[in-house]
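Subject: Structure handover

Hello,

Here is the structure we discussed, with the sequence alongside. My notes on what turned up follow below.

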Amino acid sequence: MSVTTRENYHHGELRSALIAASDEIIRESGVEGFSLREAARRAGVSPGAPKHHFGSIVGLLTEVAIAAYGQLARYLSDALVEDQTAEQKLQSLGTAYVRYALDNSGHFRLICRKDLVNRHHPDFEPAVYSAMAGFVLAAAEYYGSTFPPETDQAVHPGIVAAVSTIHGIAHMAIEDKFSFVLRSDEPEAELLGTLLPSMLNFHWPVRDLR
């Protein structure tokens, strides 16, 4: 990334440059490799600029996490095709969710870090909802429920189980926890193309959760 002096930036451009620099670091080195100083260096601004504009490392990384949910939303929306059943939607969306985690492991780990992300940021919950709405609605359809539920009803446990299942699988995938059963020379392709569909077929038929 080329270095730009702070004087060249307008306020909004400086914020965007710091978010872009942080996004790049997370993509290359994960959360473990991130620092405000490195983000400032890549953006070509003073070391104090990130804290001045975002308040803290949490403020800056929250913006990166919000953008990451936007990318996750695109992965999931691109996975759907016309005339799918609810079960087929869950298969497609579940596979896309795991694919996102594998393609963007640093960002996936970031959105799971409650210590590094301000979940009370006004844009955070809408970003999460936008990303996950399709999956949650497909699960609700599959389990014969509605989302959001009626005022006097709880969320159907099948919906919670579906989200928890695919999130857990994604987390295991980026930690290479399936290596003991993947035997091909292309373990990621085997996971997404063979193992994951079989796992989801095993899970989704459980319709009678109450």
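Where does UniProt place the feature "DNA-binding region"? The record, an unreviewed entry, puts it at residues 35–54. In the model, which is a predicted one, that span is 70% helix and 0% strand.

Overall fold

The protein chain contains nine helices and zero strands, so the order of elements from the N terminus is α-α-α-α-α-α-α-α-α. Its C-alpha trace extends over about 60 × 50 × 30 Å along the principal axes. Of the 210 residues in the protein chain, 40% are buried. Among contacts in the chain with a separation of 6 or more, 68% are between residues 24 or more positions apart.

Confidence

The mean pLDDT of the protein chain is 89, and 90% of the residues reach at least 70. Helix α6 (residues 105–111) has the highest confidence, at 98, and helix α9 (residues 187–203) the lowest, at a mean of 86. Residues 1–7 have a pLDDT below 50. In the model, this stretch makes 18 contacts beyond near neighbours in sequence.

Largest pocket

The largest pocket holds about 540 Å³ of space. Two elements give two or more residues to its lining: α7 (124–142) and α8 (157–174). The largest share comes from α7, with seven residues. In total 19 residues line the largest pocket, and those nearest its centre are Y69, V128, M132, V136 and V163. What is the make-up of the lining by class? It has 15 nonpolar residues, two polar and two charged.

Helix α8 also contains V160.

Backbone geometry

Most residues other than glycine have a negative phi, and most peptide bonds are trans.

- F147 and P148 are joined by a cis peptide bond, with omega about -5°. P148 sits in the loop between α7 and α8, the two helices that each give two or more residues to the lining of the largest pocket.
- D83 is not a glycine, yet its phi is positive, about 65°. D83 belongs to the loop between α4 (57–79) and α5 (86–103). With 76% relative accessibility, D83 is over the 50% cut-off and therefore counts as exposed.
- D176 likewise has a positive phi, about 60°, without being a glycine. Its place is the loop between α8 and α9. D176 has 52% relative accessibility and so counts as exposed, the cut-off being over 50%.

In short, the points to keep in hand are the pocket lined by 19 residues, the cis bond between F147 and P148, and the pLDDT below 50 over residues 1–7.

Regards

Terms used: Residues are numbered from 1 along each chain as its sequence is written. This is a predicted model: local features need pLDDT of at least 70, side-chain atom pairs count only at pLDDT 80 or more; totals for chains, interfaces and linings use all residues. Side-chain values use heavy atoms; hydrogens and water are left out. On a 1 Å grid over the protein atoms alone, a cavity is a set of points where a 1.4 Å probe fits but cannot get out, and a pocket is an open set with protein on both sides within 12 Å along at least five of seven lines; lining residues have an atom within 4 Å of a point. Grid points are joined across faces, edges and corners, and a volume is the space filled by probe spheres set on the points. Helices (H or I, at least four residues) and strands (E, at least two) are DSSP runs, numbered from the N terminus. Ala, Val, Leu, Ile, Met, Phe, Trp, Tyr, Cys and Pro count as nonpolar, Asp, Glu, Lys and Arg as charged, and the others, Gly among them, as polar. pLDDT is the predictor's confidence in each residue, from 0 to 100. Contact means heavy atoms within 4.5 Å. UniProt positions are given in the numbering used here, feature names are shortened, and annotations may be inferred rather than shown by experiment. Buried means under 20% relative accessible area, exposed over 50%, partly exposed in between (1.4 Å probe, protein chains only).
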